[in-house]
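Please read it alongside the model.

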Amino acid sequence: MSYENIQACAEFVRGKVNGDIPKTAMILGSGLNSLADSIEDAVVFPFNELPHFPVTTVQGHAGRMLIGKLEGVPVICMQGRVHGYEGHSGEKLAFATRVLWALGVETLVVTNAAGSLDTEAAPGSLMAITDHINLSGINPLTGINDDRIGVRFPDMGNAWDAELTQKLHKAADGLDFPLFSGVYIMVKGPNFETPAEIRAFRTMGANAVGMSTVPECLAARHCGMKVVGISSITNYAAGMVEGELTHDETMEYGAKAAVNLEKLLRKFVQDI
Ligand code: HPA
């Protein structure tokens, strides 16, 4: 892992921003372009202009970092992310998170698209991530540990910050849609799961399945940032309903969930 590359990227960003760097950052999954577009007074960095930054290849992920304000609150917004199924190493998946840490960010809000394992949480709904199961085989903390970043064996008892998640529910209370809660299980992908895998995941205690976010959470906890997360439910997981799962379907319901997620995030940032 290159501490120097992380610091170099952070230094580049710092050099282009007048004033304080926000203490809150968001990593936005697909479908949240309108939220990113509404960041006020934004300084924008396309990922491919950031030193050492890995660049995504996925449809629906624009790939840029914005530093500005949301509802008047200073935030850094990562629009798009890289995924393990693109072939990136754990270290690459953690790079954006570690740059945020190097910039002094203390709270990380992560969002993703996920398949639901619960019949109640229909496509288009939102789920607060209370905990995760890492079944992806990817872990950005493997390899030689850099003690300047974090300890060798970090605790994950509060990987998804209980207090922040409570605040998230408080923000959702006044809104006109439910916020479900549950455990997110990460697979590497890129294929959707088999029905047998989904049955297995359900018995393991998972409520939603997806192909991202856990490496970012691990990296963030390693360097001491607090993490809160929300899954946009884009589909019922494999075997729960008739018909094939397609990326187009996840994009369609992702767009529906995004409308509510944007409302939720706008309220939530005001109370972090
Ligand atoms: N499985 C894995 N990842 C996903 C899914 C799914 O059903 N939906 C959105 N991301």
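1. Asn 112 is located in strand 5 of this predicted model. Its relative accessibility is 3%, so Asn 112 counts as buried, the cut-off being under 20%. The side chain of Asn 112 makes a polar contact of 2.7 Å with the side chain of Ser 231. Leaving aside residues up to four places away in sequence, Asn 112 also touches several others, among them Arg 81, Ile 129, Tyr 184, Ser 212 and Thr 213. Ile 230 and Ser 232 are likewise touched by Asn 112.

2. Helix 4 spans residues 162-173, 12 residues in total. From its first C-alpha to its last it reaches 17 Å, close to the 16 Å expected at 1.5 Å a residue.

3. Which residues of helix 4 are buried? They are Leu 164, Thr 165, Leu 168, Ala 171 and Ala 172. These residues cover an arc of only 110° around the axis, and therefore lie on the same side of helix 4. An α-helix has 3.6 residues a turn, so residues three or four places apart point the same way. On the other side of helix 4, the exposed residues are Glu 163, Gln 166, Lys 170 and Asp 173.

4. Across the whole structure, a search finds 4 aromatic pairs. In one of them, Phe 53 and Phe 95 have ring centres 5.8 Å apart and planes at 80°; the pair is edge-to-face because that angle is over 60 degrees. Phe 53 belongs to the loop between strand 2 (40-46) and strand 3 (64-70), and Phe 95 to helix 3 (residues 90-102), so the pair ties together parts that are 42 residues apart in sequence. Phe 53 is buried, at a relative accessible area of 9%; Phe 95 counts as buried at 9% relative accessibility. Ring pairs join Phe 47, Phe 53 and Phe 95 in a cluster.

5. A further ring interaction involves a charge. The charged end of Arg 148 sits over the ring of Tyr 3, at 4.0 Å from the ring centre.

Definitions and conventions
Residues are numbered from 1 along each chain as its sequence is written. This is a predicted model: local features need pLDDT of at least 70, side-chain atom pairs count only at pLDDT 80 or more; totals for chains, interfaces and linings use all residues. Side-chain values use heavy atoms; hydrogens and water are left out. Helices (H or I, at least four residues) and strands (E, at least two) are DSSP runs, numbered from the N terminus. The expected span of a helix is 1.5 Å times one less than its number of residues. Buried means under 20% relative accessible area, exposed over 50%, partly exposed in between (1.4 Å probe, protein chains only). The arc is that of the directions from the helix axis to the C-beta atoms. Rings of Phe, Tyr and Trp (its six-membered ring) pair if their centres lie within 6.5 Å; planes under 30 degrees apart count as stacked, over 60 as edge-to-face and the rest as tilted. A charge sits over a ring if NZ of Lys or CZ of Arg is within 6 Å of the ring centre and within 35 degrees of the ring normal. A polar contact is a pair of N or O atoms within 3.5 Å; within protein, one must be able to donate a hydrogen and the other to accept it, and residues adjacent in sequence count only if both atoms are side-chain atoms. Contact means heavy atoms within 4.5 Å.
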